[in-house]
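Let's take a friendly walk through a protein model. Have a look at the picture first, and then we can go through some of its features together.

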Amino acid sequence: MAENSSAAPAAAENNVQVRILKIYVKDLSIENPAAPQIFQQENMPNVEMGLRAEASKIADDTYESILTVTLTFKLEDKTVLLVEAKQAGIFNITGLPEAALQPLIATHLPSVLFPYAREVVASATAHAGFPPFHLPPTNLEALYQQQMAAKTQLEEAPVGAVN
């Protein structure tokens, strides 16, 4: 009987376990420098959003992942509200080869944290006196792929090349 070569990877993938050990807010900062005057304005501020994910190994098979969301609300060129939330989680990951670990840590763990960060940001903006700001759906895997492509492009550029 011929052995099915695709069965071995499928069996290995079935042994991968990602367990959430803890979800928490690591840091939350709100600056509302234009209050109370901003509340008398009728114009809505523009919002600039930044996302950053980082992770560190804290024990064997255990990682802390931090998704940082930075929102800058501006009216004309003046910052009227600044919110930075660091949503974090502790995850246990087993059954995954080392080579496959980085993409999972960089994409899956922040994706798990995203809905929690969304809730924290909406609550923070509401408590600052603004309408709740709901983070738009974001494909963190696509952002990771873009980062990796940009990194590869930089590494492949000749030394001294100017773009």
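Is the crossing of helix 2 and helix 3 left-handed or right-handed? The crossing is right-handed, meaning that the near helix is turned clockwise from the far one by less than a right angle. Helices (H or I, at least four residues) and strands (E, at least two) are DSSP runs, numbered from the N terminus.

Helix 2 covers residues 98-127 and helix 3 covers residues 140-156. Their axes, which are lines fitted to C-alpha atoms over the stretch in contact, come within 9 Å and cross at roughly 145 degrees, where angles run from 0 to 180 degrees between N-to-C directions.

Glu-76 sits in the loop between strand 3 and strand 4. Glu-76 lies 31 residues from Pro-45 in sequence, and their C-alpha atoms are 7.7 Å apart in space.

## About the model

This is a predicted model, in which local features need pLDDT of at least 70 and side-chain atom pairs count only at pLDDT 80 or more, while totals for chains, interfaces and linings use all residues. Residues are numbered from 1 along each chain as its sequence is written, and side-chain values use heavy atoms, with hydrogens and water left out.
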